[in-house]
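Good morning, colleagues. Please look at the model on the screen while I take you through a few of its helices and aromatic side chains.

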Amino acid sequence: MSKTPLKLECAQNKLGVKGTIAFIILADMFIPLSTDMYLPALPTMSEHLNTNASLVNITVTAFFVAYALGMLFWGPLSDKFGRRRMLLVGFGVYLAGSALCAAAPNIEVLIAARMLHGIGAASVTAISMAIVKDCFSGRIREQVLAIVQTLSGIGPIMAPVLGGWVLLITDWRGVFELLFAFGVVGFILTLLFEESLPVSGRYKGSFWRVFGQLGVVLKNKSFFWVTLIFALHMLPFYAYIVLSSYIYVDGFGTTEQVYSYFYASAALISMIAPYLYIKCFADFSKKRFLTVCFTFLLISGLAVLTIGQFSPWLFSGSFLIFFFASNLFRPLSTNVILEQQEHDIGSASSVMNMSFNFFGCLGMLL
């Protein structure tokens, strides 16, 4: 595949092309950082908070429920008020949630704070994908998505490892203090970001009617069905996120640090996959390529159910197939979904990401 020179469709005099891509990469890292970093602490948090493991698990699920619902809020508002303004507000909410999580005196407050955390994080994801559509087009967008999804894979690789290291010197509260620092970095980069949605391209209706554009997007049948197809594979992905620490630590008897290395190895494989797509598979038949990828997802599930129970190595190897295949088609799937909608991109990004997280939350509950 010939590499297309990267260029912006909107002016970014302060950040430039590389700075804008770096900003989007950081935004894409916020969710794995906000969830995966404290996964190693889950088995011990119940003792620290004098509660049971089920309630501690709710802190993960509550984050994703609020995160998924928050998508429906931020995307449409960014179509009306602009990307930059809504991102600044969203990062403010994220910082408040991080501070409250770090200071939570009991499990009830922590669950509420995690919901606030999720609402703030939703702005970062929904609006950053709208920025991708604003700033890049065609094959360049697909190339940028591969770069973003490859480098943002550093987040899920480093998050559990960082969390494990933090637990060596402090408790789980230190994880949220570190997340607060990441939020400050994101807020500063947003100040440098120049608005990508011109006034002429914004929604002209009332504040409340802007949310009706979500329905307009959903009536686009091609957008709806393509989004649904790619959202379904998030069921096992999010189930793994919420259960993996218990499987490795309680089930296989590994330490928290060893668990973080198993988790990071899967993230490393998923980080390589988008890069390989652009280098090796971007010119393949899309239908044939996706058929092969979904076949490997099925093979992974069968391997987990059969040989995965015998050792942490076999379990990890079985799931590595899923991580690799699902991330191999990620640049293609995101670009195909965004191409189905020409207007109300913030709303389309919200519906896309909300759908992914709806099925993810369902996977956690199952």
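Predicted model: local features only at pLDDT ≥ 70, side-chain atom pairs only at ≥ 80, totals over all residues.

Helix H6 is largely enclosed by the rest of the structure, because ten of its 14 residues are buried. Buried here means under 20% relative accessible area, exposed means over 50%, and partly exposed lies in between, with a 1.4 Å probe and protein chains only. Among the buried residues of H6 are Ile140, Val144, Leu145 and Val148, and also Arg141, Glu142 and Gln143. Helices are DSSP runs (H or I, at least four residues), numbered from the N terminus.

Residues are numbered from 1 along each chain as its sequence is written, and side-chain values use heavy atoms, with hydrogens and water left out.

I turn now to the aromatic side chains. How many aromatic pairs does a search of the whole structure find? The search finds 27, where rings of Phe, Tyr and Trp (its six-membered ring) pair if their centres lie within 6.5 Å; planes under 30 degrees apart are stacked, over 60 edge-to-face, and the rest tilted. Phe63 and Tyr67 form a stacked pair, 6.0 Å centre to centre with 10 degrees between the planes. Both residues lie in helix H3 (residues 53–81), four residues apart, about one turn of the helix, and both are buried. By contrast, the pair of Phe315 and Phe319 is tilted, because the planes stand at 35 degrees, with the centres 6.1 Å apart. Phe315 and Phe319 are likewise four residues apart, in helix H14 (residues 312–328), and both are buried.

Finally, the surface. Trp165, Leu168, Ile169, Val258 and Tyr261 make a nonpolar patch of about 560 Å². Such a patch joins nonpolar side chains (Val, Leu, Ile, Met, Phe, Trp, Tyr) within 5 Å, from residues with over 30% relative accessible area and no salt bridge; a salt bridge is a side-chain nitrogen of Lys or Arg within 4 Å of a carboxyl oxygen of Asp or Glu. Helix H7 (154–169) and helix H12 (256–281) each supply at least two residues, and H7 gives the most, with three. Tyr261, in helix H12, counts as partly exposed because its relative accessibility is 45%.

How values were computed:
Patch = residues over 30% accessible without salt bridge, like charges linked within 9 Å, V, L, I, M, F, W, Y side chains within 5 Å. Areas by Shrake-Rupley, 256 points an atom, 1.4 Å probe, with all protein chains shown as cover.
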